[in-house]
Amino acid sequence: MTQIVAPTVNASLREPITDEELAAIILTGRVPPHRLAHVFALYTDVPLAWLLAFAEAYGISLETLWHFYQTHVQPFYRNERFEGLFRYA
């Protein structure tokens with residue numbers, strides 16, 4: 001499958017990750033410590049349209065995407081554009 005978000009996520013990180021690995025992390029809700037920077041980059045560096053396309057391609061619901069963000073990302077790195085998607089939902 002074409003990598004939707006991995007090229008952007010990997011741009012500033014030494015150890016690459018694939019879209020499939022990122023999807024598995026989000027779907028399980030478990031973030032290995034050595035992948036935390038990748039998760040932060042996914043939610044803060046990837047354009048919103050690409051993030052939503054990634055979620056759709058890997059069967060990640062908006063609810064799961066939001067819950068994962070609230071649990072693992074928001075306490076450390078907020079993305080107000082991403083949060084704006086859910087502000088009135």
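**View 1. Leu-51 and its contacts in the predicted model**. Beyond its neighbours within four places in sequence, Leu-51 touches Val-5, Leu-42, Tyr-43, Val-46, Leu-65 and Phe-82. Leu-51 sits in helix H4, which spans residues 48–57. Its relative accessibility is 1%, so Leu-51 counts as buried. Ile-4 is 47 residues away along the chain, yet the C-alpha atoms of Leu-51 and Ile-4 are separated by 8.1 Å.

**View 2. The buried face of helix H4**. Which residues of H4 are buried? They are Leu-51, Phe-54 and Ala-55. Looking down the axis of H4, the buried residues fall within an arc of 100 degrees, so they line one face of the helix. These buried residues pack against four helices: H2 (19–28), H3, H5 and H6.

**View 3. The other side of H4, and what follows the helix**. Ala-49 and Glu-56 are exposed. Both are carried on the face of H4 turned away from its buried side. After H4 comes Gly-59. The phi of Gly-59 is positive, near 65 degrees.

**View 4. A tilted aromatic pair, Phe-40 and Phe-76**. The structure holds 11 aromatic pairs. One of them joins Phe-40 and Phe-76, with 5.8 Å from centre to centre. Their planes stand at 45 degrees, and the pair is tilted. The pair links distant parts of the chain, 36 residues apart. Phe-40 belongs to helix H3 (residues 36–44). Phe-76 lies in the loop between helix H5 (62–73) and helix H6 (80–86). Are the two partners buried or exposed? Phe-40 is buried, because its relative accessible area is 14%, under the 20% cut-off. Phe-76 has a relative accessibility of 57% and so counts as exposed, being over 50%.

**View 5. A stacked aromatic pair, Trp-66 and Phe-86**. Why does this pair count as stacked? The ring centres of Trp-66 and Phe-86 are 4.6 Å apart and the planes meet at 25 degrees, so the pair is stacked; the cut-off for stacking is under 30 degrees. This pair, too, links distant parts of the chain. Trp-66 is in helix H5 and Phe-86 is in helix H6, 20 residues apart. Trp-66 counts as partly exposed, at 21% relative accessibility. Phe-86 is buried, with a relative accessible area of 17%.

**View 6. An aromatic cluster**. Tyr-43, Trp-66, Phe-68, Tyr-69, Phe-82 and Phe-86 make up one aromatic cluster. Both rings of the stacked pair, Trp-66 and Phe-86, are among them.

Definitions and conventions. Residues are numbered from 1 along each chain as its sequence is written. This is a predicted model: local features need pLDDT of at least 70, side-chain atom pairs count only at pLDDT 80 or more; totals for chains, interfaces and linings use all residues. Side-chain values use heavy atoms; hydrogens and water are left out. Helices (H or I, at least four residues) and strands (E, at least two) are DSSP runs, numbered from the N terminus. Buried means under 20% relative accessible area, exposed over 50%, partly exposed in between (1.4 Å probe, protein chains only). Contact means heavy atoms within 4.5 Å. Rings of Phe, Tyr and Trp (its six-membered ring) pair if their centres lie within 6.5 Å; planes under 30 degrees apart count as stacked, over 60 as edge-to-face and the rest as tilted. The arc is that of the directions from the helix axis to the C-beta atoms.
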